Amino acid sequence: MTTKLRSFLSVFAARPVALLGLVYLVTIVTVALGADVIAPYAPEAIEPINRLSPPSWGHLFGTDHFGRDTFSRVLHGSRLALLIGVGVVSFALATGVPIGIVSALFPRLGRVLMRMVDVMMAFPSLLLALGLIVILGQSVANAILAIGVIYLTTTARITYGVTLRLREETYVEAARSMGASTVWMIRRHILPNMISPLLVQASFVFAFAQLGAASLDFLGLGAPPEIPSWGNMLAESRIYITRAPWLLFYPGLMIVLTAFSLNLVGDVLRDRLDPRFREMLSNRQRR
Amino acid sequence: MLAYVLKRTGAAIATLVAASIVIFIFIHLIPGDPIYVMLGDEATPEQVEALRIRLGYDQPIYVQYFYWAGNVLRGDLGTSIFFQEPVTLIIRDGAETSLLLATVTMVWIVALGVPVGVLAAIRQGTWIDQGLSGIAMLLASIPTFWVGLYLILIFAANLGWLPSSGYPSIFEEGGLSNLRYLLLPSLTLAAPNAALILRLTRASMLDVAKEDYVRTARSKGIRPYRVVLRHILRNALLAVVSAFGFTFAALISEAVVTETVFALPGIGRMVVQSILRRDYPVIQGVILVIVCLYLVINLLVDISYRYLDPRVDLE
């Protein structure tokens with residue numbers, strides 16, 4: 001394990017910028033876990049006398065139209081950002097991977113399933129998410145589901161492609177001719193070989209989930225407005241941008257840094273990937 | 001070639017039919033009775049029942065689907081509940097803004113993405129390449145509306161050079177100068193997509209550069225810039241062409257947000273407002289048109305790709 005960890009870190013040592021990304025992500029996780037302790041104010045504590053005050057020592061990132069401390073709200077916002085990311089990635093993997101593997105191993109069923117994936121991909125991603133939220137109602141869980149469905153399709157396609165390649169491998173062929181069961185083959189040969197490509201996919205999905213969630217929040221159909229998410233903070237700041245530009249700056253910066261770090265990490269991992277799979281995880285990610 | 005075209009067209013039509021069923025079922029899953037939305041809260045049960053029968057909502061769902069699909073084939077997408085106007089008219093009203101926005105954006109994407117991608121590729125590994133690739137990745141990590149709000153803050157609110165919102169038609173007073181209303185929105189929309197095309201151009205230039213015929217061309221003594229333009233770029237652009245269908249899909253999603261930020265009277269903003277207003281016929285009609293457009297563009301991309309590179313079978 002330690003050698004594995006060392007080789008993982010050595011990849012990043014060669015690309016210092018990506019190492020910064022990794023450090024940022026570790027920091028964000030720490031901040032999210034310790035937000036209650038680190039944040040100087042409660043995220044919903046209002047100070048009407050200090051409405052829209054610019055950044056100062058008392059309020060590092062200034063205050064909003066209710067006099068709430070932007071710094072504290074930004075720190076608390078990292079919780080929802082991580083929750084959305086982890087939720088969307090889990091959903092996309094839990095649904096996309098089985099669909100992809102089953103489609104590749106059972107071609108007849110696969111043709112139907114992949115066709116359905118094609119149909120879903122014909123819908124613009126954001127409209128698909130908006131439609132699902134209108135049906136399911138507005139909540140954090142439904143936002144995760146709605147964005148997760150977008151990445152179900154790409155994850156299923158990538159899994160499908162990788163499984164098709166793996167199926168042709170000699171050792172898989174050999175195992176099959178020796179009478180190995182399908183379940184055994186999936187567990188023994190397919191899933192372990194899929195960890196690296198899926199890790200790359202997960203980091204990109206995590207990054208784009210941040211942008212998708214922010215867009216939903218901005219349109220007023222994401223996380224409920226009382227939750228301090230970065231997207232909600234930006235949506236609220238919209239009418240004050242000339243009076244209080246700091247309200248626009250900090251939450252947006254957090255989204256950009258988070259998505260950028262994840263993209264950097266995903267990029268480095270992809271460069272390390274088996275060349276047979278690299279093409280499937282190309283730059284053509286769905287937004 | 002003809003067989004290929006027919007096969008792809010058939011597949012696209014099948015996808016469209018499947019998508020239309022999905023849209024129809026989707027709309028019927030939305031909670032809340034559209035009849036009440038149409039008549040308001042004061043409607044009597046008799047009025048509700050009468051309208052339900054008149055609109056055919058008392059029929060089984062598959063009958064309703066065929067009724068709707070039949071109307072769509074005759075060019076009737078229904079009537080907006082909110083505007084009391086045919087959906088086709090509403091789409092036509094928003095089409096000018098959205099199509100112009102998409103066209104101007106595409107010009108930015110090609111004009112910025114391709115040359116800069118070529119530059120990054122021929123300077124591979126230098127600080128120029130790393131800088132440009134880094135900027136491209138950064139642009140792809142920024143929420144569209146954030147870029148839009150900053151452009152408004154800088155160029156409209158502070159400098160006052162450009163209008164911050166709205167778009168009067170180029171056929172109205174002001175003529176072509178009204179295009180300045182689309183400058184900031186199109187840049188907003190182009191930023192992440194130009195970044196995508198930049199990365200794609202760079203990657204596919206580097207791929208093609210490894211080909212045997214490029215080595216042959218170089219060893220024949222053809223001038224380096226000619227090798228880059230004639231042998232590498234021309235082939236590398238194939239991959240970029242195939243990405244246009246993909247870019248278009250991303251463009252629509254982001255246009256929904258961009259049109260909202262800049263309060264543009266386009267189709268994207270119309271969809272969001274209709275979703276908030278529960279104006280089902282408009283949602284249904286607009287999404288169907290968008291999906292149709294997406295499939296047509298992808299079909300054209302597939303066919304032109306096959307035409308440009310007959311070795312490829314995209315199946």
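Predicted model: local features only at pLDDT ≥ 70, side-chain atom pairs only at ≥ 80, totals over all residues.

Guide: Residues are numbered from 1 along each chain as its sequence is written, while chains are lettered from A and ligands numbered from 1 in the order in which they are written.

Visitor: How many helices does chain A have?
Guide: Helices (H or I, at least four residues) and strands (E, at least two) are DSSP runs, numbered from the N terminus. Chain A has zero strands. Its count of helices is twelve.

Visitor: What percentage of the residues in chain A are buried?
Guide: A residue is buried if 20 or more other C-beta atoms lie within 10 Å of its own, exposed if 12 or fewer, and partly exposed in between; C-beta atoms are placed from the backbone. Chain A has 287 residues. The buried part is 48%.

Visitor: Which residues is A:V205 in contact with, leaving aside its neighbours within four places in sequence?
Guide: Two residues are in contact if their C-beta atoms, placed from the backbone, lie within 7 Å. With those neighbours set aside, the partners of A:V205 are A:V88, A:V89, A:A92 and A:Y151.

Visitor: Which element gives the largest share of the side of chain B that touches chain A?
Guide: The contact takes 35 residues from chain A and 40 residues from chain B. Several elements of chain B give two or more residues, including α1 (2-29) and α13 (280-308). The largest share is eight residues, and it comes from α11(B).

Visitor: How many residues on that side of chain B are nonpolar?
Guide: Ala, Val, Leu, Ile, Met, Phe, Trp, Tyr, Cys and Pro count as nonpolar, Asp, Glu, Lys and Arg as charged, and the others, Gly among them, as polar. This side of chain B has four polar and one charged residues. Its nonpolar count is 35.

Visitor: Why is α11(B) largely enclosed by the rest of the structure?
Guide: α11(B) has 18 residues. It is largely enclosed because the buried ones number 16 of the 18.

Visitor: Where is the kink in α11(B) centred?
Guide: The bend at a residue is the angle between axes fitted to the seven residues ending there and the seven starting there. In α11(B) the kink is about 30°.

Visitor: Is B:Q84 buried or exposed?
Guide: B:Q84 sits in the loop between α4 (61-73) and α5 of chain B. Its phi is near 55°, a positive value in a residue other than glycine. It has 8 C-beta neighbours inside 10 Å, so B:Q84 counts as exposed.

Visitor: Which helix of chain B has the highest confidence?
Guide: pLDDT is the predictor's confidence in each residue, from 0 to 100. Chain B averages 84. Confidence is lowest in helix α2 (residues 34-39), at a mean of 70. The highest, at 89, is in residues 87-122 of chain B, helix α5.

Definitions and conventions. Expected span 1.5 Å × (residues − 1).
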